[in-house]
Amino acid sequence: MRIFLTGGTGFVGRHVLRECIAQGHQVRALVRRGGAPQGFESQEVELVRGDVNDSLEKYMTDVDAIIHLVGIIKETPSQNITFEALHTRATQNVVQAAQGFGISRLVFVSANGASKDGDTKYQTTKWAAEQAVQESQLDHWCILRPGLIFGDPGMEREEFCMVLASTLIRPFPVLPVFGSGQYLLQPVSVEEVADATVQALTSSNVNRQVIPVVGTQQFSYLELLDIVTRAIGMRPKPKIKLPLSVVRAGIRFAGKMLPITPDQLAMLVAGNIADHRHFYDLFQVTERPFNEENLSYLRHRL
């Protein structure tokens, strides 16, 4: 099968690309103008350069299916990097191109928490993107909603646990905690996400379904901090709980100096959990628990 892949240079995308190749698929990967990560072009993949909001029809020849991964976690409006542009409009553009070329299969990787009534633009634009897929005329579509994804990000250092370890846990003797720290997270490995994404292209059991993709274990943010701390070879550190009003004020005044945006804070303290049973019933994936062993990549990358 020839797959058109968007977002293939990102954290999840590189794992999806490897899984596609491992399963014998051919990949045509759309990358932004200006290049791809070192070594990317040496893989068994055809690169095409452009913008996901440009006309995509010229890339659709001989394509059997699409995996759409493009997404951002924070906006840079001066560069037209906005949730509206790269979540909603990009997905609408991909769906339109697929329908125009008669491509019948599409897998869209969205996000757990996507909602019409979400508290953040991240959530509402992801929901609007999902609507474009669900209202399409495609024969086979599947929407995956991952929660917190962990796994080796390579040298990019863009993964949640890597950011947490490098910007918070290692530098500070006492760890600031936003609010109570009791909000729950349900980490899932990037390998499981990638495997399920490729399986979703051909599995009739997942057709026209929206599926939360979360691990089997739930952890409070406080517990997660201790697990990551031990994974990088340190003892759990004392913590100080900061009122959310203070944190929000700090983000407003400090802006880009802090490694978290108002949207990210809102989603973090709201928690990110779901029923995991549907995911593990539908997909043949190897569960990777969120533990020190499976976080060992942190020591190698820091």
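## Basis of the report

This is a predicted model, in which local features need pLDDT of at least 70 and side-chain atom pairs count only at pLDDT 80 or more, while totals for chains, interfaces and linings use all residues. Residues are numbered from 1 along each chain as its sequence is written, and side-chain values use heavy atoms, with hydrogens and water left out.

## The cavity

A cavity is, on a 1 Å grid over the protein atoms alone, a set of points where a 1.4 Å probe fits but cannot get out, and its lining residues have an atom within 4 Å of a point. Grid points are joined across faces, edges and corners, and the volume is the space filled by probe spheres set on the points. The largest cavity has a volume of about 60 Å³. Of the 13 residues that line the largest cavity, the closest to its centre are Pro187, Gly215, Thr216, Arg288 and Pro289.

By class, the lining of the largest cavity is made up of 7 nonpolar, 3 polar and 3 charged residues; here Ala, Val, Leu, Ile, Met, Phe, Trp, Tyr, Cys and Pro count as nonpolar, Asp, Glu, Lys and Arg as charged, and the others, Gly among them, as polar.

## Salt bridges

Side chains of opposite charge can pair when their charged atoms come close. With a salt bridge taken as a side-chain nitrogen of Lys or Arg within 4 Å of a carboxyl oxygen of Asp or Glu, the count comes to 9 salt bridges. Arg288, one of the residues closest to the centre of the largest cavity, meets Glu191 in a salt bridge at 4.0 Å, N to O. Glu191 lies in helix α5 (residues 190-199) and Arg288 in the loop between α9 (277-282) and α10 (297-301), so the pair ties together parts that are 97 residues apart in sequence; helices (H or I, at least four residues) and strands (E, at least two) are DSSP runs, numbered from the N terminus. Glu191 is partly exposed at 29% relative accessibility, and Arg288 is also partly exposed, at 31%, where buried means under 20% relative accessible area, exposed over 50% and partly exposed in between (1.4 Å probe, protein chains only).

Glu130 forms a salt bridge with Arg145, and the closest N and O atoms of the two are 2.7 Å apart. Because Glu130 lies in helix α3 (residues 121-134) and Arg145 in strand β6 (residues 140-146), this pair ties together parts that are 15 residues apart in sequence. Glu130 counts as buried at 1% relative accessibility, and Arg145 counts as buried at 18%.

Helix α6 (residues 221-231) is mostly covered, with 9 of its 11 residues buried, among them Tyr221, Leu222, Asp226 and Ala231. The helix is followed by Gly233, whose phi is positive, near 85 degrees.

The buried Asp226 has its side chain in a salt bridge with that of Lys239 (2.7 Å, N to O). This pair links distant parts of the chain, with Asp226 in helix α6 and Lys239 in strand β13 (residues 239-242), 13 residues apart. Lys239 counts as partly exposed, at 29% relative accessibility.

## Aromatic rings

Rings of Phe, Tyr and Trp (its six-membered ring) pair if their centres lie within 6.5 Å, and planes under 30 degrees apart count as stacked, over 60 as edge-to-face and the rest as tilted. By this rule the count comes to 7 aromatic pairs. Phe150 and Phe290 form an edge-to-face pair, 5.1 Å centre to centre with 80 degrees between the planes. Phe150 and Phe290 are both buried, and together with Phe219 they form one aromatic cluster.

## Cysteines

With a disulfide defined as a pair of cysteine sulfur atoms within 2.5 Å, the structure holds 0 disulfides. Cys142 is in no disulfide, and the nearest cysteine sulfur, that of Cys20, is 14 Å away. Cys142 counts as buried at 0% relative accessibility, and Cys161 counts as buried at 0% as well.

Technical notes
1 Å grid on protein atoms, 1.4 Å probe; cavity = no way out; pocket = protein on both sides within 12 Å on 5 of 7 lines; lining within 4 Å.
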